[in-house]
Amino acid sequence: MSVQERKQRERAERERLIVATARELAEQQGWDAVTTRRLAERIEYSQPVLYSHFRGKREIIGAVALEGATEMAAALRAATSAADGPRARVTALARSYLDFAARNPAVYDALFQLDGGLAFAQEDTPEPLKDAFAALLESLGEVAGDGVHPGVFTETFWAALHGLATLTRAGRLPPEYVDQRVQLLVDRLAVS
């Protein structure tokens with residue numbers, strides 16, 4: 001291995017460490033606790049080293065969001081691949097989405113609540129975000145109904161899921177009714 005390859009590998013490892021540490025700290029104490037000073041202390045590198053990877057907290061949030069989008073897409077696909085039939089896939093997708101949001105609150109916030117400097121629904125949208133939307137569209141597009149644009153239906157269904165995830169987490173909706181809400185959403189919106 002050349003010196004250049006070793007340096008690139010070490011740089012990538014440091015970057016993964018920064019992102020993992022930021023994510024861990026955010027999950028434990030919230031995003032307000034994530035500062036470059038605290039991250040530098042936890043990873044045992046100087047703040048300038050951190051800034052050589054990310055220009056600041058916003059970019060770190062964006063990196064956590066991209067990692068989370070990849071994980072969410074995988075979770076959605078895994079859940080829907082085991083389901084039999086379009087409606088069962090949509091139900092599995094909805095449950096998986098809500099479960100992901102509940103199990104990964106800081107990642108969910110990085111994806112959908114905080115400014116990570118990422119473009120959504122644009123030409124320059126990063127691939128992991130496009131793929132997470134595609135994971136939704138794969139199951140939702142087939143139940144959109146005649147004359148309904150699959151992408152618009154997916155956006156609407158996603159907005160409903162996001163509302164349920166956010167309101168439940170904020171304590172505005174009692175968590176014991178998650179299954180009933182999912183079933184209502186599927187029954188009222190998903191045609192097939």
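Where is Ala121 found? Ala121 sits in the loop between H6 and H7, and the legends below return to this residue.

**View 1. Overall fold of the predicted model.** This is a predicted model, in which local features need pLDDT of at least 70, side-chain atom pairs count only at pLDDT 80 or more, and totals for chains, interfaces and linings use all residues. Residues are numbered from 1 along each chain as its sequence is written, and side-chain values use heavy atoms, with hydrogens and water left out. The protein contains nine helices and zero strands; helices (H or I, at least four residues) and strands (E, at least two) are DSSP runs, numbered from the N terminus. Read from the N terminus, the order of elements is α-α-α-α-α-α-α-α-α. The C-alpha trace spans about 55 × 40 × 30 Å along its principal axes. Residues 24 or more positions apart make up 63% of the contacts with a separation of 6 or more, a contact being heavy atoms within 4.5 Å.

View 2. Of the 192 residues, 38% count as buried, where buried means under 20% relative accessible area, exposed over 50%, and partly exposed in between (1.4 Å probe, protein chains only). There are 23 positive and 27 negative side chains, and the centres of the two sets lie 5 Å apart. Lys and Arg count as positive and Asp and Glu as negative, while His and the chain ends are not counted; the place of a charge is NZ of Lys, CZ of Arg, CG of Asp or CD of Glu.

**View 3. The largest pocket.** The volume of the largest pocket is about 250 Å³. Of its 15 lining residues, Phe120, Ala121, Leu129, Phe133 and Trp158 are the closest to its centre. A pocket is an open set of points on a 1 Å grid over the protein atoms alone, where a 1.4 Å probe fits, with protein on both sides within 12 Å along at least five of seven lines; lining residues have an atom within 4 Å of a point. Grid points are joined across faces, edges and corners, and the volume is the space filled by probe spheres set on the points. Helices H4 (57-81), H6 (105-112), H7 (127-140) and H8 (150-169) each supply at least two lining residues. H7 gives the most, with five residues.

**View 4. Ile61 in helix H4.** Ile61 lies in helix H4 and counts as buried at 6% relative accessibility. Leaving aside neighbours within four places in sequence, Ile61 is in contact with Trp31, Ala110, Leu114, Asp115 and Gly116. Ile61 and Asp99 are 38 residues apart in sequence and 21 Å apart in space, C-alpha to C-alpha.

**View 5. Thr91 in helix H5.** Thr91 belongs to helix H5 (residues 86-103). The residue is buried, with a relative accessible area of 11%. Apart from neighbours within four places in sequence, Thr91 is in contact with Val182, Gln183 and Val186.

View 6. Glu44 is placed in the loop between helix H2 (36-43) and helix H3 (47-53). Although not a glycine, Glu44 has a positive phi of about 60 degrees, and its relative accessible area of 71% makes it exposed. Ala121, also not a glycine, has a positive phi of about 55 degrees. Ala121 is exposed, with a relative accessible area of 78%.
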